[in-house]
2 protein chains.
Amino acid sequence: MSPKKAATGPSVPGAVWLRQRPPRRGQHGLTRERIAAEVVSQLDHGGPAGLNLRSIAAALDVHPTTLYWHVSARDDLLDFAVDAVFAELPLPTRPADDWIEDVRAFMHNLRAALLAHPWSGALASSRPLLGPEALARSEFVYAALARAGFTGDELTASAAAVSNLVIGSVAAETSWQHGDESPARRAVHEHLRANAETYPAMAELSTESGHWGAQFSYSADLLLAGLAQKAPINVTSHGATTQAPQIM
Amino acid sequence: MSPKKAATGPSVPGAVWLRQRPPRRGQHGLTRERIAAEVVSQLDHGGPAGLNLRSIAAALDVHPTTLYWHVSARDDLLDFAVDAVFAELPLPTRPADDWIEDVRAFMHNLRAALLAHPWSGALASSRPLLGPEALARSEFVYAALARAGFTGDELTASAAAVSNLVIGSVAAETSWQHGDESPARRAVHEHLRANAETYPAMAELSTESGHWGAQFSYSADLLLAGLAQKAPINVTSHGATTQAPQIM
DNA sequence: ACCTGAACACCGTTCAAGT
DNA sequence: ACCTGAACACCGTTCAAGT
């Protein structure tokens with residue numbers, strides 16, 4: 001049985017991070033970090049469907065059941081893996097002059113990190129992101145948006161919108177990538193054309209859609225435009241700041 | 001073996017919809033609709049983790065392996081279930097005067113439908129949404145955004161932003177709902193406070209966060225503000241329209 | 001065309017026991 | 001405190017056979 005399991009109540013997702021960390025360096029020197037790295041590597045190879053405790057344990061040279069000393073369930077391993085992906089996100093040591101550039105960079109960096117591990121988008125969207133690496137990135141976004149003058153619930157909602165749009169977009173994008181993407185896209189396109197009466201607007205385009213990257217960029221710009229407009233503090237192009245009252 | 005499996009190539013996710021539909025009414029009258037309804041009902045009870053082919057088959061009064069005539073894998077069942085949830089989304093028979101009200105209503109309606117089946121947000125974010133019901137809703141959003149003057153890749157990106165923000169937000173929201181939510185929130189809050197030096201901006205708030213609904217509403221408004229600003233055709237409050245050139 | 005029935009390989013998790 | 005070892009219950013999927 002894993003230590004301090006009852007500390008946060010019954011099986012809250014993401015709860016590994018809230019439990020006490022088991023002491024390091026046992027006989028095999030099995031640590032969260034080594035486990036996490038192995039899980040990431042196996043997910044990179046076979047995706048979530050291919051992940052199983054037995055092969056992880058084998059790679060770490062322990063018995064399958066040994067893992068249960070470090071985690072309370074398979075799901076905790078996925079929490080480790082997702083946080084490890086967040087660790088790859090570059091974190092600027094000091095903020096940019098314009099808060100919006102920090103937010104924009106965060107969005108693009110987060111997308112890049114998640115895309116580097118195609119399984120991570122879907123996982124990140126389906127669990128609370130409470131690992132230390134994820135929290136540090138959230139803190140960065142909160143700080144940037146706080147400089148824009150957002151406070152309280154508006155600050156929370158703005159930060160959530162930023163993360164959710166990115167994670168949602170990457171999850172959608174990677175959901176196409178299980179096999180070859182082009183035959184799937186072509187099949188969908190044909191399907192829409194064949195039913196052009198039911199889907200007139202969609203049948204019209206999608207002929208040769210642009211790249212995922214450009215479309216994400218435009219999606220992000222839409223949200224950034226909204227943030228800039230609703231920000232209580234606006235930075236003019238000359239660096240002067242103006243205050244505007246704002247109601248939620 | 002399921003019919004026409006090779007039609008769209010090797011195991012593309014969401015590919016059930018692109019395969020030919022097996023003829024209806026066999027000996028047991030097993031149809032996609034009956035299967036889908038049963039899957040939704042079982043997911044509502046036990047979530048994705050509790051879903052298994054044997055109990056679905058039992059409820060439909062067939063042998064477990066019979067399902068493989070109608071689907072090629074367990075995953076296809078989830079595609080059925082997600083599309084069934086989209087079917088609950090009200091689809092206006094005629095568009096509103098203002099396109100933005102159509103988009104706003106869509107966002108709130110989609111959230112409501114997904115929240116009614118807490119498992120559906122995570123599933124919707126992790127697979128292409130190619131079912132007939134989902135496509136019909138996408139068409140509605142495309143049509144609304146086309147009235148705003150969006151075309152081509154900008155239209156695609158705008159529509160994607162709308163869906164991805166909603167689905168991403170609901171997935172995040174429901175990821176907290178596995179057990180009781182309040183103890184988890186409290187634990188996170190304590191954790192942030194305890195590490196206030198590392199998370200100054202986040203430690204400051206989160207004391208008593210507002211409701212999910214209000215925060216989603218604000219998130220949606222941020223994106224809607226961006227859409228309104230970037231829309232090639234702007235509707236003034238008096239109903240007059242103006243055109244503005246726009247570059248992606 | 002649709003469904004049955006038996007069988008296979010696998011996998012998360014438990015629990016008591018070791019050191 | 002950390003790891004072993006055996007064992008359990010379950011589950012997706014296959015394939016050949018029925019009607």
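Before any numbers, one term: when I say two residues are in contact, I mean that they have heavy atoms within 4.5 Å. Also keep in mind that this is a predicted model.

With that, the interface. On the chain A side, 62 residues are in contact with 61 residues of chain B. Interface size is often quoted as the accessible area lost when the parts come together. Here chain A and chain B bury about 5400 Å² between them, and 70% of that is on carbon and sulfur atoms. Three residues, E139(A), Y218(A) and L222(A), supply 13% of the area that chain A buries against chain B, more than any other three residues.

Which elements of chain A give two or more residues to the side that touches chain B? They are helix 5 (120-125), helix 6 (132-147), helix 7 (152-174), helix 8 (181-194), helix 9 (200-204) and helix 10 (212-230). Helix 7 of chain A has the largest share, with 14 residues. Sorted by class, the side of chain A facing chain B has 36 nonpolar, 20 polar and six charged residues.

Polar contacts do cross the interface: 11 residue pairs, with both residues at pLDDT 80 or more.

Next, how the two chains are related. Chain A superposes on chain B by a rotation of 180° with 0.0 Å of shift along the axis, at an RMSD of 0.0 Å. That is the relation of a two-fold axis. Of the interface residues of chain A, 98% are also interface residues in chain B, so the copies meet through the same surface.

Back to salt bridges. Over all chains, the whole structure has 16 of them. One pairs R104(A) with E101(A), where the closest N and O atoms are 3.3 Å apart. Both sit in helix 4 (residues 99-115) of chain A, and because they are three residues apart, about one helical turn separates them.

Last, the annotations. An unreviewed UniProt entry gives residues 29-89 of chain A as "domain: HTH tetR-type". In the model that stretch is 66% helix and 0% strand, with its end C-alpha atoms 27 Å apart. UniProt, again in an unreviewed entry, also places a "DNA-binding region" at residues 52-71 of chain A.

How values were computed
Residues are numbered from 1 along each chain as its sequence is written. Chains are lettered from A and ligands numbered from 1 in the order in which they are written. This is a predicted model: local features need pLDDT of at least 70, side-chain atom pairs count only at pLDDT 80 or more; totals for chains, interfaces and linings use all residues. Side-chain values use heavy atoms; hydrogens and water are left out. UniProt positions are given in the numbering used here, feature names are shortened, and annotations may be inferred rather than shown by experiment. Helices (H or I, at least four residues) and strands (E, at least two) are DSSP runs, numbered from the N terminus. Buried area is the accessible area (1.4 Å probe) that two parts lose on being put together, summed over both. A polar contact is a pair of N or O atoms within 3.5 Å; within protein, one must be able to donate a hydrogen and the other to accept it, and residues adjacent in sequence count only if both atoms are side-chain atoms. Ala, Val, Leu, Ile, Met, Phe, Trp, Tyr, Cys and Pro count as nonpolar, Asp, Glu, Lys and Arg as charged, and the others, Gly among them, as polar. Copies are superposed by least squares on the C-alpha atoms of residues with pLDDT of at least 70 in both. A salt bridge is a side-chain nitrogen of Lys or Arg within 4 Å of a carboxyl oxygen of Asp or Glu.
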